[in-house]
Amino acid sequence: METDPSLSSSMYNAKKHYSSLFSLPSYEKSLLYTAAICIVGASLAAYISSGSVLSLVLGSIFFVVTTSTDLVISKVVLREDPIFILRRTAATSFVGWLIWLAVMVLGAVLGLFFDSMSWTKFVLLGFAAILTLRSLVVMATSESTLWRQVIAVLLQPVLCIVAFLTFLWGISGGLGLGGLSFIVLAPIISFGAVYLFLGSIDRLGKPYGLASMPLFKAFMLNWTTGLNAPLEKHLEAMGENADIDVALLKFEGAKPKAAIIVPQVHPGPFKNIGSSLLPSMLKSCFEEKVGGVACTPLGILGHELDLASQAQNQRIVSKVISSAKFSAGLDLASPFVRVTDGVAIASCQIFGDMAFLSFSLAPKTTEDMPQELGRLVREEVKKYGLKHAMVVNAHNCLDVVVDTEEHVEELGRAAVKCLEQVAQLARNPFRVGAATVLPKEFTLKQGMGTGGITAIVVEVEKQKTLYIVIDGNNMIPHLREKILAALAAEGFAQSEVFTTDTHAVSALSTGSQGYHPVGEAMDHERLIKYIKKAAEKAVANLEDAKAGCVEFVVPQVRVIGEERLDAITTLVDKAIVRAKKAAPIVFGVEGLLLIVLLLLLL
């Protein structure tokens, strides 16, 4: 099944919004900023407008009220909501105070030139504004009951208005019935505006049979807290069943030596959702249960085969472990052969009755490839009496231009030529060495998955071939070539670099892609140093080896599915576009209504 171009387009449109994500300040910073705004900013604005000495005390009261209510909201009112920990609750209050202070200052300045009521009116407008902000944040993300949401929205702003009434307006004659009426009506108007805004977004999901807001809340829960179960529950319900093909190539010496595992599963869609963690999970579990060094390069497929949940990951892992209990008996291997056709690169090595073939377009973009290429190779190997084929997408270059589809014919021709050449070569006994290095300074945010860097060395006659598998999502242009040149200088006649395409590194950074390809946020010299270290360790344990290959199917695995994934990603893009269009209208009308109400009441 070839990935529909519309799916690639919708995936890109959704992915580009990763740049809209933002980071919240720490609790300590939020506390410091809020203290400065309340004690200094709000106090001065109040003093300028009222001239009352008590204005200087008012800011301290605001700060105490804010910190106290943040604690009550996070620990009591919304204690069941993992999103509303103290840090995020405090950050919400800080942003609210930032808005309120700006409105206060504007009111204070205007009050110097116009009537004294300008300050009062702007303070009340600021009150309404932060009610709207808090309503939007809480209603869009909280799974708590409605009454808890209402308390979380009202508690801090209402107590602050009470402080205004008690320590300032009470001295100057109070607000009167009109002002008090506005304080009562403002929450109703704010809740109504937010309800209309979120409702307009939620209705977008109906044509796709999706509930937009529950899906959004589950996404936010994952983004902010890392919890994957709520979102995966939706993905499981929306998904479809598929039979998953898996190819396993195992090398044995005196004991299990190395394994290359290629499930026809795309390691996405992002972060810790679905099969994003599958490459590192397979590696660690295989090494623990079977032994040796394992790696999981990407197969020939796209996002149409993202798994729906961790439970589905475990099904794949369990089947791989149980299927690995066989003895490797293939004792002959061919040399490594590489063929190019246009910009397409095909590399192949034969182990007994099995061909291990990989594709790359580097230094042009090498992204997900259509499954038809895998089928072509599997049909072609039969012509040479081979029983098995493991076909891998090196996934080792990401440039601005993504035109993989335009080079499918070149890739096919390169594969045919490569198989023809390698099949004619003599096969001899071989040796294998393997090692993994886990660079501590390269994190998920920098583009390195927990599987680290794996090196497998295959020596046939005098040719040493090195396979490097990096647990990351693609690589920056020309890094592959830099790595291969460095390895050639170390005596490796042929090498290839692969990435696992793990999406565990995705949705962690705020760049245009939502992740860093390998090398974009890493020091290249240190990366190459680690690769050399892995290669040296692999060479150090070279020993006579035999290979074994098995191909099997994991039946009825729950995948998100191309149609549903296209619907979800399209909905993400449409929801953000709708939000950008609806926000000025809904909240603009709300603002005008509040201004008119103020003018009528005060």
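In this predicted model, Phe 356 stands opposite Met 390 in strand E7. Strand E6, residues 354-360, is joined to E7 by 6 bridges. The two strands run parallel.

Both strands belong to an open sheet of 4 strands. The order is E4-E5-E6-E7, and the pairing is mixed. Strand E4 (337-341) and strand E7 (388-393) stand at the edges. Each has a single partner strand, so one side of each is left without a neighbour in the sheet. From one strand to the next, the twist averages 20°.

Two helices pack on this sheet. Helix H12, residues 371-381, touches E6 and E7. The direction of H12 makes about 150° with that of E7. Helix H13, residues 408-423, touches E4, E5 and E6. Strand E5 spans 344-351, and the direction of H13 makes about 30° with that of E5.

A further contact joins two helices, H5 and H8. Two packed helices are described by the angle between their axes and the distance between the axes. Helix H5 covers residues 117-141, and helix H8 covers residues 212-225. Their axes come within 8 Å. The axes cross at roughly 95°. An angle of 65 to 115 degrees counts as roughly perpendicular, and H5 and H8 are therefore roughly perpendicular to each other.

On the H5 side, the contact is made by Met 139, Ala 140 and Thr 141. These residues meet Met 213, Phe 216, Lys 217 and Met 220 in H8. By class, the contact of H5 with H8 has 5 nonpolar residues, 1 polar residue and 1 charged residue.

Definitions and conventions:
Residues are numbered from 1 along each chain as its sequence is written. This is a predicted model: local features need pLDDT of at least 70, side-chain atom pairs count only at pLDDT 80 or more; totals for chains, interfaces and linings use all residues. Side-chain values use heavy atoms; hydrogens and water are left out. Axes are lines fitted to C-alpha atoms, for helices over the stretch in contact, and angles run from 0 to 180 degrees between N-to-C directions. Angles under 35 degrees count as roughly parallel, over 145 as roughly antiparallel, 65 to 115 as roughly perpendicular and the rest as oblique. Contact means heavy atoms within 4.5 Å. Ala, Val, Leu, Ile, Met, Phe, Trp, Tyr, Cys and Pro count as nonpolar, Asp, Glu, Lys and Arg as charged, and the others, Gly among them, as polar. Two strands pair if DSSP finds at least two bridges between them.
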